[in-house]
Amino acid sequence: QVQLVESGGGSVQAGGSLRLSCAASGLTDSTYSIGWFRQAPEKEREGIAATYIGGGSTYYADSVKGRFTISQDNAKKTLYLQMNSLKPEDTAMYYCAVANRGTSPARLVGGGADFDYWGQGTQVTVSS
């Protein structure tokens, strides 16, 4: 059973930084891509960063490119999202998520596919 537990959210002023962490367990050979999506009230879910489980190319939505960095520690089975130069429009619930084989990380941030499993989310609030 895939389990994803996010942490690291909080409140920060515009221009600040936060690092989100995601402890992953239960990943199998059928899980293929891992990443983050966010959802703000009354807005659509947005895949913002994704990569291959175990490492590989990284992909970002245009809205966060150059400001956010996705990384993973395979030994700790932990995924990270370093968020710099935060803006008020980054305010949302952030979810760590995985997708099964056949769903490339590029599609997850391009709106062409959905994640299959996600955690409970962690709130990020950016004030101006």
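Biologist: How many positive and negative side chains does the chain have, and how far apart are the centres of the two sets?

Modeller: The chain carries 11 positive and 11 negative side chains, with the two centres 5 Å apart. Lys and Arg count as positive, Asp and Glu as negative, while His and the chain ends are not counted; each charge is placed at NZ of Lys, CZ of Arg, CG of Asp or CD of Glu. This is a predicted model, in which local features need pLDDT of at least 70 and side-chain atom pairs count only at pLDDT 80 or more, whereas totals for chains, interfaces and linings use all residues. Residues are numbered from 1 along each chain as its sequence is written, and side-chain values use heavy atoms, with hydrogens and water left out.

Biologist: What makes the link of C22 and C96 a disulfide?

Modeller: A disulfide is a pair of cysteine sulfur atoms within 2.5 Å. The sulfur atoms of C22 and C96 are 2.1 Å apart, and the pair therefore qualifies. A search of the whole structure finds one disulfide. The pair links distant parts of the chain, 74 residues apart: C22 lies in strand 3 (residues 18-25) and C96 in strand 9 (residues 92-100). The angle about the S-S bond is -70°, and the link is left-handed.

Biologist: Are C22 and C96 buried or exposed?

Modeller: Both C22 and C96 are buried, a term for under 20% relative accessible area, with exposed meaning over 50% and partly exposed in between (1.4 Å probe, protein chains only). Of the 128 residues of the chain, 42% count as buried.

Biologist: Why is S63 called partly exposed?

Modeller: The relative accessibility of S63 is 31%, which lies between the 20% and 50% limits, so S63 counts as partly exposed. S63 is found in the loop between strand 6 (58-60) and strand 7 (68-73). Apart from neighbours within four places in sequence, S63 is in contact (heavy atoms within 4.5 Å) with R38 and E46.

Biologist: Which elements does the chain have?

Modeller: The chain has one helix and 11 strands, where helices (H or I, at least four residues) and strands (E, at least two) are DSSP runs numbered from the N terminus. Their order from the N terminus is β-β-β-β-β-β-β-β-β-α-β-β.

Biologist: How do you know that the chain is as compact as a globular protein of that length?

Modeller: The radius of gyration, taken over C-alpha atoms, is compared with the globule rule, 2.2 Å times the number of residues to the power 0.38. The chain has a value of 13 Å, close to the 14 Å that the rule gives for 128 residues, so the chain is as compact as a globular protein of that length.
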